[in-house]
Amino acid sequence: MNKSYRNFIGNQFVDSEGGATLEVRNPANNELLGVVPASTPADVDRAVEAARRAQPAWERLPAIERANHLRRIANKIRDNKERLARTITLEQGKILDLARVEVDFTANYMDYMAEWARRIEGEIIPSDRPGETIFLHRKPIGVTAGVLPWNFPFFLIARKMAPALVTGNTIVIKSSEETPLNAVEFAEIVAECGLPTGVFNLVSGAGATGAALCAHKDVGLISFTGSVDTGIRIMETASRNLTRVNLELGGKAPAIVLDDADLELTARALHASRVLNTGQVCNAAERVYVQRGVASALAEKVTALMAETRYGNPIAEQGLHMGPLVNRMGLDKVAALVDSARRQGAEVLTGGKVASREGFHFEPTVLMGCRADMDVMRKEIFGPVLPLQIVEDLDEALALANDSEYGLTSSIFTRDLNAAMKATRELRFGETYINREHFEAMQGFHAGRRKSGIGGADGKHGLYEYTETHVVYLQTT
């Protein structure tokens, strides 16, 4: 598969003006998969200019015609499901079944956003003046920028592109340097589907490429998914042009388990959080507060599930629950957090170390006896590690859950409706899941608080993130 890839600008695949490249490697075995451009500011200028020229004509198209373009892309994605899933797995490391789910979800998301073409609504507002009508229109922002992460790289293209395009914007996507190949394949599908020139553009590169895109004066909205530190830098950069930002950043999701919880269901949900995409999911449960009466029983059940977890090279091996971490940096971070917890007194019930095999694999791990002051309970792990802390009651669990700089998702496991409702009132998070795993729906609104971000995605509210209002005062006699 080792080959050279190019940027996609103005409906053409073009070389970078700088000529520098980035290597893309398989995290399961370090195999070189290909090279992509390390795009320069001049490349970014070309992409933004193509999007800027295309936007007025794209906005003038009826929304239903814009939606039809999205549907054609969705159908072509389905036609190429296996090829796309394999590329995602090769460069990101998730198991093939999950990569197939990502491809399916991406196509469905494109169709879902296309359905909003006839539902983008303004308002008519009563006036204080006789004979006057006040109209509020929702209009596109113009050129938007989507800066992608590596954990769900294919779907995140659609999450940024589909609402942008259906509302009349154009877009420039900057792929993650870890997972750019699937984005090029997405662009190939766009080229085959006849999307008007310049409406969708793709540049690859590392942080400097993203910085040039976010600093561009002609970008009206920056949508970024990734780390808190990068989000802060993007916000600082955007402030110079007063560019709007939509930021989905880190998470440290708490899961509260009460004495009356269904422990079989709870253990399965917590296990899923830590092995889905090898724990590299921002909204998955990252810390557990379990009531003392069921702490031992829950620990036993979830430890058994984690110990039975099969991991390896998802291309070469069958029946896996998870693959490798995405890179050496991620592996070292997980190992350091576990080692720190062990030194601070946490008990390792299973796993606890880097796997002795090729690739960036960490053993599925359960830590018992964790405390609120441990890094493993405060910092984002992003790996297959589940830390448990014993609490006495719901009030203690809620206080600990809210004591975090993050505020993306949360959950509670209980049969008590009153306890569940108390949790929904008092948890200061964008999402709360009750008796189920942490995973959002496309018709919801995926948004965080505090350092988990600004704005959100999905559903009606996510769609309207890509619009601005225009109020018209019409005076008649």
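Two strands are taken to pair if DSSP finds at least two bridges between them, and strands (E, at least two residues) and helices (H or I, at least four) are DSSP runs numbered from the N terminus. In β5, P37 is the bridge partner of T21. The model is predicted, so local features need pLDDT of at least 70 and side-chain atom pairs count only at pLDDT 80 or more, while totals for chains, interfaces and linings use all residues. Residues are numbered from 1 along each chain as its sequence is written, and side-chain values use heavy atoms, leaving out hydrogens and water.

β4 and β5 (residues 32-37) run antiparallel over five bridges. They belong to an open sheet of three strands, ordered β1-β5-β4, with mixed pairing. Because β1 (3-4) and β4 (21-25) each have a single partner strand, they stand at the edges, and one side of each is left without a neighbour in the sheet.

Turning to the aromatic residues, rings of Phe, Tyr and Trp (its six-membered ring) pair if their centres lie within 6.5 Å; planes under 30 degrees apart count as stacked, over 60 as edge-to-face and the rest as tilted. Eight such pairs are found in the structure. One of them, F8 with F13, is tilted, at 4.8 Å centre to centre and 50 degrees between the planes. The rings of Y112 and W116 lie 6.4 Å apart by their centres with planes at 80 degrees, so this pair is edge-to-face. F8, F13, F154, F186 and F200 make up one aromatic cluster.
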